[in-house]
Each structure stands twice: as structure tokens, then as C-alpha cells.
Amino acid sequence: SRLVKLDILGHDDPTVIRMLEDLTGIDAKQIPFDDKTTMSLFSSTEALGLTPEELGSQVGTFGIPEFGTKFVRQMLEDTTPSTFSELVRISGFSHGTDVWLNNAQDLIKAGTAKLSEAISARDDIMMYLIHKGLEPQLAFKIMEGVRKGKGVKPEDVEKMKANNVPEWYIESCQKIKYMFPKAHAVAYVMMAFRIAYCKVHYPLAFYASYFTVRATEFDADIVVQGEKVLRSQLADFEQKGNMMTAKEKGMQTIFEMALEMYLRGFSFRRVDLYASHATKFLIVDNGLLPPLASLQGLGDAAARNIVQAREERPFSSVEDIRVRARASKTVIDILQSHGCLNNLPETDQIMLFA
């Protein structure tokens with residue numbers, strides 16, 4: 001019998017990849033993993049045409065799965081990777097427990113170990129120990145103990161020392177609580193690199209895909225107001241620090257991405273009652289047209305109802321939207337406040353005066 005283990009890698013990553021393929025016409029599987037401009041995103045902001053000061057980050061990986069969080073961006077700054085294999089190592093570090101913090105990070109900073117030498121994924125231990133001359137079965141057994149957080153047994157430590165395994169390596173093994181398999185790390189980085197390639201070479205397709213999978217977290221009212229308002233909102237979030245709610249953390253990420261898009265010379269249109277898609281961001285001119293669902297509080301179902309009703313015939317009044325699109329007072333108020341209903345009369349009634 002054969003056991004097959006399936007993992008949903010990278011949450012929204014496959015969806016984003018499919019969207020990018022649809023928008024660009026490229027085959028993601030053909031994207032080269034040695035594209036230098038794409039690789040530079042992981043160590044600088046130059047490929048985005050921005051300075052670190054403008055972006056508020058030393059690297060250009062905002063919105064890149066697995067590499068966009070503050071924690072992993074700091075890892076990138078500490079290691080300045082320049083090859084795909086180094087990104088795989090960083091993915092191993094970031095998914096392990098006690099693999100990076102108080103372990104590999106300190107060893108690399110101190111110069112005790114190079115990025116290519118520090119323990120990153122499970123397989124590293126077995127391959128390294130075999131290379132050092134340990135029996136494959138023993139190397140496997142030590143790897144299994146370490147990756148389960150059980151450390152190395154005293155008798156195995158002696159065997160490692162007898163084969164000239166350095167002290168720092170043994171200590172590193174003893175600290176680890178959980179480790180990622182290298183195959184998982186490779187799969188994550190392949191997805192991430194393909195998305196990063198589009199961020200550099202097909203920026204509007206990248207942003208459209210990124211925001212579409214987060215459309216209901218987006219706040220079109222705030223984002224369309226531009227760079228100054230976004231910077232002010234981000235400063236407020238920064239002040240809150242650890243007091244931020246989960247929703248605010250999500251908004252912070254959206255605003256960082258929207259600000260980056262503005263800084264790269266692109267723009268956002270206001271949501272349009274007739275032109276906006278229900279749930280997808282559309283590429284228009286040199287920017288994006290947000291969907292109806294990107295108005296906070298409107299939601300996917302209400303957005304789809306509006307699109308279905310407008311396809312039958314144009315709306316004649318606000319009342320017409322309320323009836324045919326089954327729009328609640330809340331939805332009408334949201335549309336009104338964003339300016340979507342500016343040219344519509346309240347009702348269809350014609351007043352006749354003698």
C-alpha cells in the first residue's frame with residue numbers, strides 16, 4: 001500500500017498564481033528561478049525603483065508569500081540571500097521552532113557559521129552527518145530526534161565529536177524544537193519566486209491578484225485617498241504596536257501594499273457602480289479599479305446582487321437599486337458615501353406641478 005500526503009501549500013498562493021497566469025498570459029511553470037532582478041527583491045528595493053527610506057524596508061518583499069512578514073524581512077536583511085538555494089534555507093529557518101532565533105541567527109551574525117552551513121531543514125542534518133562519516137542509519141536517527149525536539153543523546157554526541165562535528169553544530173541541534181522538511185521549503189519558495197517575478201515584471205497584475213484575494217479586507221474609502229492618508233493610517237497602527245487587533249493587522253498589510261503601489265507610480269480609481277467587478281480588482285490604464293466588495297461593510301453577496309441587477313438594465317434611481325439588487329439601507333449608505341450614486345435620483349417618481 002502507498003500513503004500519499006497532500007498539503008495545501010501557501011494558502012492563497014495557487015489562486016494568486018492562476019490569476020497571474022490569466023492576467024499576463026504567461027505560464028508560471030516557465031518562470032526562471034535564476035532571474036537576477038527578481039532575486040534582488042530579497043536583498044534590496046532597487047528593482048521596485050524605490051529607496052529603503054521611501055518604502056520603510058530594506059527589502060522589496062511586501063506581499064510575497066512566506067517572505068513579506070516583518071519577521072522574515074528581518075531574516076532577509078540579516079542574510080542578504082543571492083541564490084534560490086539560500087531562499088530555501090531561509091524558508092527552513094522561518095518555519096522551524098528555535099531554528100533561527102537564539103540559534104542560526106546568532107551563529108551567522110557572529111561569523112561562526114555561514115548561511116550555507118547553519119542548520120535549516122531536517123535533511124540538512126542527515127546529509128551533513130553522513131558527509132562527516134557517520135553511518136547513514138545513525139545520521140537518520142539523530143535527524144529524527146532533533147526534528148522532534150528531543151535533541152541528541154549523549155552517546156550520539158560522542159560519536160558526532162569523534163567524527164569532527166563542531167561544538168556549535170551539536171549545540172544548535174540541542175536547541176531545535178521542530179524542523180521543516182526541505183521539500184516543503186522548496187515548494188514554498190517556488191511559489192514565492194514565481195509571484196515575486198510578476199511583482200517585478202508585471203506589477204499591476206501582481207497587485208490586482210494580491211488585492212483580489214483580500215478584497216473584503218480592503219478599504220477602498222481610505223485607499224483611494226492616496227499616499228498621505230495611507231501614511232497617516234500606518235503611523236497610527238505603528239503607535240498601537242502589540243495592541244492592534246487581528247483586523248487592524250490585516251489592514252496594516254493592505255495599506256503597506258497600497259502605499260507601495262502608489263510609490264511605484266500607479267493609482268487606484270474610485271469604485272464605480274457600473275464599471276467595477278463584484279469581487280475582482282481590474283487593471284485600468286496605469287492603475288487598478290477596485291471591486292464593489294472592496295467597500296468596507298458591503299460584502300461579496302451584495303456586490304454580486306448589484307452586478308446581476310445592472311446587467312439586466314441600468315439603474316434608474318437609488319430606490320431601483322434597493323429593489324432590484326435587494327440592497328439594504330447599509331449597502332445604499334456605503335455606496336452613497338463613496339460617491340457611487342452621485343448621478344442617480346432618489347426615486348423614479350415624476351412630480352407634476354400645475
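Which residues does D219 touch, not counting residues up to four places away in sequence?

Modeller: This is a predicted model, in which local features need pLDDT of at least 70 and side-chain atom pairs count only at pLDDT 80 or more, while totals for chains, interfaces and linings use all residues. Residues are numbered from 1 along each chain as its sequence is written, and side-chain values use heavy atoms, with hydrogens and water left out.

D219 touches M251, F255, S294 and Q296 once residues up to four places away in sequence are set aside; contact here means heavy atoms within 4.5 Å. D219 itself is found in the loop between α12 and α13 (220-223). Helices (H or I, at least four residues) and strands (E, at least two) are DSSP runs, numbered from the N terminus. With a relative accessibility of 11%, D219 counts as buried, the term for under 20% relative accessible area, where exposed is over 50% and partly exposed lies in between (1.4 Å probe, protein chains only). From C-alpha to C-alpha, D219 is 27 Å from Y197, although 22 residues separate the two in sequence.

Two of the residues touched by D219, M251 and F255, also belong to the contact that helix α15 makes with α14. Helix α14 (residues 227-240) packs on helix α15 (residues 246-263) at an angle of about 145°, with the axes 10 Å apart. Axes are lines fitted to C-alpha atoms, for helices over the stretch in contact, and angles run from 0 to 180 degrees between N-to-C directions. The two helices make a left-handed crossing; left-handed means that the near helix is turned anticlockwise from the far one by less than a right angle, and right-handed that it is turned clockwise. On the α14 side the contact includes L230, L234 and F237, and on the α15 side it includes L259, Y262 and L263. By class, this contact has nine nonpolar, two polar and six charged residues. In this count Ala, Val, Leu, Ile, Met, Phe, Trp, Tyr, Cys and Pro are nonpolar, Asp, Glu, Lys and Arg are charged, and the others, Gly among them, are polar.

In α12, 10 of the 10 residues are buried, so the helix is largely enclosed by the rest of the structure. Among these buried residues are P203, F206, Y207, Y210 and F211. The buried residues of α12 pack against α1, α11, α15, β1, β2 and β3.

Among these partners, helix α11 (residues 182-201) packs against α12 (residues 203-212) at about 125°, and the axes of the two are 5 Å apart. The two helices are therefore oblique to each other: angles under 35 degrees count as roughly parallel, over 145 as roughly antiparallel, 65 to 115 as roughly perpendicular and the rest as oblique. I195, C198, K199, V200 and H201 of α11 meet P203, F206 and Y207 of α12. This contact of α11 with α12 holds six nonpolar residues, one polar and one charged.

Helix α1 (residues 13-24) packs against α12 at about 140°, with the axes 9 Å apart, which makes α1 oblique to α12. The crossing of α1 with α12 is right-handed. From α1 the contact draws on V16, M19, L20, L23 and T24, and from α12 on A205, F206, A208, S209 and T212. Its residues divide into seven nonpolar, three polar and no charged.

D13 also lies in helix α1 and is buried, with a relative accessible area of 5%. Beyond its neighbours within four places in sequence, D13 is in contact with P65, M191 and I195. I195 of α11 also takes part in the contact with α12.

The strands that pack against α12 form an open sheet of three in the order β1-β3-β2, with mixed pairing. At the edges stand β1 (267-268) and β2 (282-284), each with a single partner strand, so one side of each has no neighbour in the sheet. β1 and strand β3 (residues 287-289) run parallel and are joined by two bridges; two strands pair if DSSP finds at least two bridges between them. F268 stands opposite L288 in β3.
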